[in-house]
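User: I would like to go through the helix packing in this model. Could we begin with the terms?

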Amino acid sequence: MRQPLVAGNWKMHGSRAENANLVTALLDLLPAGKHAEILVCPPFPYLLETGRQLKDSGVQLGAQSVCAEAQGAFTGEVSAAMLKDVGCRYVLVGHSERRQLYGESDALVARKFVAAQSQGLVPVLCVGETLDEREGNQTLQVVSRQLEAVLSVSGVRSLARAVIAYEPVWAIGTGRTASGEQAQEVHAMIRARVAALDATIGGSVRILYGGSVKASNAQELFAMPDIDGGLVGGASLKADEFARICAGAG
Ligand code: PEP
């Protein structure tokens with residue numbers, strides 16, 4: 001039985017005061033005794049303070065990116081050891097905004113995945129196709145390529161300590177969501193590929209859906225057999241909306 005995970009990606013939003021209010025409201029609203037694991041990913045400068053506020057709440061802390069290098073002269077970068085040091089358990093790698101706006105290649109994403117795991121962080125590997133790629137019937141090919149880039153460097157066993165997030169780029173921040181069936185098709189393909197290499201890991205790896213998840217569509221998506229929760233951007237900045245999404249995950 002896979003424990004659902006709902007992750008909030010705050011992106012480059014918030015301030016110390018706004019974050020404190022958001023977390024206070026969220027902790028108040030989160031349903032008690034629920035089965036799903038909850039994660040929030042604030043911007044780097046707020047990790048320590050948000051982590052302190054989350055202490056003993058059961059809500060996990062994650063970062064939005066990580067440097068592929070361990071340490072050294074890499075101005076502006078943040079290492080996996082630093083993220084671990086400030087209390088992170090998870091880190092997003094390969095978010096489409098990193099791939100598209102900052103030119104992160106499949107190979108770099110794979111190196112970030114390795115760097116995260118080398119410090120005991122759980123990488124949330126984001127994969128997904130653009131609208132052009134979907135319309136060109138390349139969805140499965142693109143997602144497979146992104147997945148293989150990590151598998152070829154890290155091997156299938158590394159996925160026992162990772163999470164995968166399928167995030168169609170055309171659905172991120174656009175208000176346009178994949179239907180349950182569209183998402184399920186890709187999730188099933190990802191799981192089948194992993195299971196072909198290792199049946200146990202294929203059955204246990206959590207695969208999240210991301211792309212304009214809201215309280216109104218979360219339940220339909222989370223009801224799909226291979227969707228194990230969500231990676232939520234915009235809606236994670238509203239405590240009531242995010243809490244309702246979390247409640248929908250079981
Ligand atoms: C995301 O940032 O990963 C995301 C899915 O954003 P949104 O929910 O706003 O589409």
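Analyst: A crossing is called right-handed if the near helix is turned clockwise from the far one by less than a right angle, and left-handed if anticlockwise. Please note that the model is predicted.

User: With that in mind, in which hand does helix 7 pass helix 8?

Analyst: Helix 7 passes helix 8 in a right-handed crossing. Their axes come within 11 Å and cross at roughly 40°.

User: Which residues meet there, helix 7 against helix 8?

Analyst: From helix 7, the residues are T139, L140, V143, S144, L147, E148 and L151. They meet E185, V186, M189, I190, R193, V194 and L197 of helix 8. By class, this contact has nine nonpolar, two polar and three charged residues.

User: Which residues of helix 7 are buried?

Analyst: T139, V142, V143, Q146, L147, A149, V150 and L151 are buried in helix 7. These buried residues pack against several elements, including helix 4 (96-101), helix 5 (106-118), strand 5 (122-127) and helix 8 (180-197).

User: And how far does helix 7 reach from its first C-alpha to its last?

Analyst: Helix 7 covers residues 139-154, and its 16 residues reach 23 Å, close to the 22 Å expected at 1.5 Å a residue. Just after helix 7, G155 takes a positive phi of about 80°.

User: What span should helix 8 have?

Analyst: Its 18 residues should span 26 Å at 1.5 Å a residue, and the end C-alpha atoms of helix 8 are 26 Å apart, which agrees. Among the buried residues of helix 8 are G180, A183, H187 and R191.

User: Changing topic: how do the axes of helix 10 and helix 11 cross?

Analyst: The axes of helix 10 (residues 215-222) and helix 11 (residues 239-248) come within 9 Å and cross at roughly 20°. Angles under 35 degrees count as roughly parallel, and the two helices are therefore roughly parallel to each other. Helix 10 passes helix 11 in a right-handed crossing.

User: Which residues make that contact?

Analyst: A215, A218, Q219 and F222 of helix 10 make the contact with E241, R244, I245 and G248 of helix 11. They divide into four nonpolar, two polar and two charged residues.

User: One last item: where does P31 lie?

Analyst: P31 is in the loop between helix 1 (16-29) and strand 2 (37-41). Leaving aside neighbours within four places in sequence, P31 is in contact with A243 and A247. The C-alpha atoms of P31 and C246 are separated by 8.0 Å, although these residues are 215 residues apart along the chain.

User: Does P31 count as buried, exposed or partly exposed?

Analyst: P31 counts as partly exposed, at 29% relative accessibility.

Conventions:
Residues are numbered from 1 along each chain as its sequence is written. This is a predicted model: local features need pLDDT of at least 70, side-chain atom pairs count only at pLDDT 80 or more; totals for chains, interfaces and linings use all residues. Side-chain values use heavy atoms; hydrogens and water are left out. Axes are lines fitted to C-alpha atoms, for helices over the stretch in contact, and angles run from 0 to 180 degrees between N-to-C directions. Helices (H or I, at least four residues) and strands (E, at least two) are DSSP runs, numbered from the N terminus. Angles under 35 degrees count as roughly parallel, over 145 as roughly antiparallel, 65 to 115 as roughly perpendicular and the rest as oblique. Contact means heavy atoms within 4.5 Å. Ala, Val, Leu, Ile, Met, Phe, Trp, Tyr, Cys and Pro count as nonpolar, Asp, Glu, Lys and Arg as charged, and the others, Gly among them, as polar. The expected span of a helix is 1.5 Å times one less than its number of residues. Buried means under 20% relative accessible area, exposed over 50%, partly exposed in between (1.4 Å probe, protein chains only).
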